[in-house]
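Subject: Structure handover

Hello,

I am passing a structure on to you, with notes on what turned up in it. Please look it over before reading further.

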Amino acid sequence: MNRTQRTPVVPLEAGAGPENPPCPACGEPLFGWLGAEPGQRGPVSRCESCGLAVVGADANAEEALRELDRLADGGRLRIANRAAVAAGVGEAGWAGLERGARYLFTVEAVRRLVARRDQVVRSRRWAPAASFVVTWQTLLNSVTLGHDIALGALGRATPSPAAKRWQRRLDGFVSVVLAIPALIFALPLELVGAAIGRGSVLSLCVEPL
């Protein structure tokens with residue numbers, strides 16, 4: 001008699017250790033995601049539970065909350081969504097991974113963090129214009145040697161240029177030539193993300209309990 005073998009489910013806590021410190025938002029282990037890129041503080045780790053990503057080491061909830069406060073925009077929090085479809089497609093080339101970034105938020109991570117000071121996320125809104133821009137630049141990053149070249153030229157981001165002069169020239173040329181094709185692909189990609197709740201930029205209303 002054949003019996004179906006089941007793979008045992010390993011809890012996330014089993015991965016906890018010095019190399020996988022606790023997530024500042026939910027306490028689950030942080031696991032390696034991306035290697036260090038130019039302009040970053042170090043490798044990027046992420047939480048498989050709430051989705052928060054941390055650039056560098058020694059993360060803590062107080063610092064993450066201060067970073068959230070700096071994202072306040074007209075009484076709301078405006079985050080580049082680490083759980084966005086574009087983030088999954090772009091990985092290290094995701095335009096939301098800006099130069100000098102420290103914390104990369106998701107809605108769930110924000111919920112866990114603000115709960116520490118007796119607040120709750122009351123609502124969320126997709127920011128279409130900003131989202132299309134992030135997805136567009138993410139697609140361009142996939143074909144350039146540097147990152148955020150187009151947005152840097154427009155004064156919308158701090159670029160991470162390629163090391164050599166000829167590479168920087170090539171990136172500028174590619175960004176111009178592929179700007180329209182990248183936009184054509186970015187529009188449906190971001191619309192799909194928005195439709196399933198995974199848009200690139202979200203505006204959150206956070207209020208006291």
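Does C23 count as buried or exposed, and at what relative accessibility? C23 has a relative accessibility of 3%, under the 20% limit, and therefore counts as buried. Please keep in mind that this is a predicted model.

Cysteines

A disulfide is a covalent bond between the sulfur atoms of two cysteines. Searching the whole structure gives zero disulfides. C23, accordingly listed without such a bond, has the sulfur of C50 as its nearest cysteine sulfur, 3.6 Å away. That distance is not within 2.5 Å, the cut-off for a disulfide, so C23 is in no disulfide. Another cysteine, C205, has a relative accessible area of 14% and is buried.

Two helices

Two packed helices are described by the angle between their axes and the distance between the axes. Here the pair is α4, residues 128-141, and α7, residues 179-195. Their axes come within 8 Å and cross at roughly 125°. The crossing in which α4 passes α7 is right-handed.

Which residues make the contact? From α4 come S131, F132, T135, W136, L139 and L140. From α7 come A179, A182, L183, F185, A186, L187, L189, E190 and L191. Sorted by class, the contact of α4 with α7 has twelve nonpolar residues, two polar and one charged.

Two aspartates with positive phi

Most residues other than glycine have a negative phi. D118 is not a glycine, yet its phi is positive, about 60°. D148 is not a glycine either, and has a positive phi of about 60°.

Where do they sit? D118 is in the loop that lies between α3 (107-114) and β7 (119-126). D148 is in the loop between α4 and α5 (149-153).

Is each buried or exposed? D118 has 52% relative accessibility, which is over 50%, so D118 counts as exposed. D148 has a relative accessible area of 3% and is buried.

Leaving aside residues up to four places away in sequence, D118 touches P208 and L209. The C-alpha atoms of D118 and E63 are separated by 17 Å, and these residues are 55 apart along the chain.

Regards

Methods:
Residues numbered from 1 in each chain as written. Predicted model: local features only at pLDDT ≥ 70, side-chain atom pairs only at ≥ 80, totals over all residues. Heavy atoms only, no water. Axes fitted to C-alpha atoms, helices over the stretch in contact; angles between N-to-C directions. Helix = DSSP H or I, 4+ residues; strand = E, 2+ residues; numbered from the N terminus. Left-handed = near helix turned anticlockwise from the far one by under 90°. Contact = heavy atoms within 4.5 Å. Nonpolar A, V, L, I, M, F, W, Y, C, P; charged D, E, K, R; others polar. Buried < 20%, exposed > 50% of the residue type's maximum accessible area, 1.4 Å probe, protein only.
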